[in-house]
Amino acid sequence: MTTFGEFIRDERNKKGLNQSDFGQPFGIIMTDISKIENGRKRFPFDKLKQLAAYLDKNYTELKDLYVAEKLVIEAHKYKCTDTVFAVAKNQSKYLKSKLVKQAKLKF
């Protein structure tokens with residue numbers, strides 16, 4: 001498993017591009033691509049669909065990788081145990097079921 005920044009670096013290298021050329025389609029300068037690859041900056045979420053198309057990757061899988069890393073960073077920031085991820089999974093299931101039940105209400 002890699003970080004999102006490492007994923008970006010690997011994909012950039014597969015394309016044989018330098019950081020400047022890779023960032024150009026997204027309007028991201030070379031120094032920011034470097035920061036993204038090194039985990040000091042986040043890739044802009046609003047450009048994620050564009051990135052998926054550019055890399056010919058599944059947008060949902062790319063988004064999951066992006067958001068999962070954000071969750072992990074937050075968990076580490078607050079010094080949570082790994083149990084937090086099981087709790088989050090259960091909360092996600094609960095909220096999804098609650099939203100489905102609400103969607104079935106007819107007025």
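Modeller: At 27% relative accessibility, Y54 counts as partly exposed, a class that lies between buried (under 20% relative accessible area) and exposed (over 50%), with a 1.4 Å probe and protein chains only. The model is predicted, so local features need pLDDT of at least 70 and side-chain atom pairs pLDDT 80 or more, while totals for chains, interfaces and linings use all residues. Residues are numbered from 1 along each chain as its sequence is written, and side-chain values use heavy atoms, without hydrogens and water.

The structure holds eight aromatic pairs; rings of Phe, Tyr and Trp (its six-membered ring) pair if their centres lie within 6.5 Å, and planes under 30 degrees apart count as stacked, over 60 as edge-to-face and the rest as tilted. F26 and F43 are edge-to-face, because their planes stand at 80 degrees, with 5.7 Å between the ring centres. F26 lies in the loop between α2 (19–23) and α3 (30–37) and F43 in the loop between α3 and α4 (48–55), so this pair ties together parts 17 residues apart in sequence. Helices here are DSSP runs of H or I with at least four residues, numbered from the N terminus. F26 is buried, at 2% relative accessible area, and F43 is buried at 2%.

F26 also forms an edge-to-face pair with Y54, at 5.2 Å centre to centre and 85 degrees between the planes. Y54 lies in helix α4, so the pair with F26 ties together parts 28 residues apart in sequence.

Ring pairs link F4, F7, F22, F26, F43, F45, Y54 and Y66 into a cluster.

Technical notes
Helix = DSSP H or I, 4+ residues; strand = E, 2+ residues; numbered from the N terminus.
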